[in-house]
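Please look through the sequence and the model below before reading on. The report that follows describes the fold in general terms, and then turns to particular strands, residues and a pocket.

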Amino acid sequence: MFMSFMGDLSTYETLATARQKEGKTVTVIAKLDKTYPQPIRYDAVKDPNRTEFYVVDTLGNKARVVYHFEKPMDMEKSERIVLKGK
């Protein structure tokens, strides 16, 4: 029997496993944590390239994210947020 497939072979991490892989590029899929009074902190006048928010992964782990680029449009409406980085 011969089997083959094509696609994205990247793996997705939880926040806990991503923290264990410091210095390596990882991808985490999480939800925007809307339990905070201000789930997204963004001030275009003060610093247009800084957005702070909290996420929750599939296991319920929470993390604060500081994004150093312009805030993505309609971020508040997103069901899932894909975080990729070191």
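## Overall picture

A residue is called buried when its relative accessible area is under 20%, exposed when that area is over 50%, and partly exposed in between, as tested with a 1.4 Å probe on protein chains only. By this rule, 28% of the 86 residues of the protein chain count as buried. The structure is a predicted model, in which local features need pLDDT of at least 70 and side-chain atom pairs count only at pLDDT 80 or more, while totals for chains, interfaces and linings use all residues. Residues are numbered from 1 along each chain as its sequence is written, and side-chain values use heavy atoms, with hydrogens and water left out.

The protein chain has 1 helix and 5 strands, where helices (H or I, at least four residues) and strands (E, at least two) are DSSP runs numbered from the N terminus. Along the sequence these elements follow the pattern α-β-β-β-β-β. Contact here means heavy atoms within 4.5 Å, and among contacts between residues at least 6 apart in sequence, 46% join residues at least 24 apart.

Strand 3, which covers residues 51-56, is mostly covered, since 6 of its 6 residues are buried.

Two strands are said to pair if DSSP finds at least two bridges between them. In the hairpin of strand 3 and strand 4, which has 5 residues between the strands, G60 takes a positive phi near 90°. Strand 2 (residues 40-42) also pairs with strand 3 in the antiparallel sense, over 3 bridges, and here I40 has F53 as its bridge partner.

## Strand 1 and its partners

Strand 1 (residues 26-32) runs antiparallel to strand 3 and is joined to it by 2 bridges. In strand 3, V55 is the bridge partner of L32, and V56 is the bridge partner of K31. Strand 1 also pairs with strand 5 in the antiparallel sense, over 5 bridges, and the bridge partner of A30 in strand 5 is I81. Strand 1 is mostly covered, with 5 of its 7 residues buried.

## A buried glutamate before the helix

Is E13 buried or exposed? E13 counts as buried because its relative accessibility is 12%, and it is found in the segment before helix 1 (15-19). The side chain of E13 makes a polar contact with the side chain of K21 at 2.8 Å. A polar contact is a pair of N or O atoms within 3.5 Å; within protein, one must be able to donate a hydrogen and the other to accept it, and residues adjacent in sequence count only if both atoms are side-chain atoms. If neighbours within four places in sequence are left aside, E13 is in contact with A18, K21, V26, T27, V28 and I29.

## Two residues in the loop between strand 4 and strand 5

F69 lies in the loop between strand 4 and strand 5 (81-85), and F69 counts as exposed because its relative accessibility is 54%. F69 and P48 are 21 residues apart in sequence, and their C-alpha atoms are 7.5 Å apart in space. Beyond its neighbours within four places in sequence, F69 is in contact with P48, N49, R50 and T51.

D74 lies in the loop between strand 4 and strand 5, and D74 is partly exposed, with a relative accessible area of 45%. Most residues other than glycine have a negative phi. The phi of D74, however, is near 55°, a positive value in a residue other than glycine.

## Grid points are joined across faces, edges and corners, and a volume is the space filled by probe spheres set on the points. About 630 Å³ of space lies in the largest pocket.

The largest pocket is lined by 27 residues, and V28, V65, L83, K84 and G85 lie nearest its centre. The elements that give two or more residues to this lining are helix 1, strand 1, strand 3, strand 4 and strand 5. The lining residues divide into 16 nonpolar, 3 polar and 8 charged, where Ala, Val, Leu, Ile, Met, Phe, Trp, Tyr, Cys and Pro count as nonpolar, Asp, Glu, Lys and Arg as charged, and the others, Gly among them, as polar.

Note on methods:
1 Å grid on protein atoms, 1.4 Å probe; cavity = no way out; pocket = protein on both sides within 12 Å on 5 of 7 lines; lining within 4 Å.
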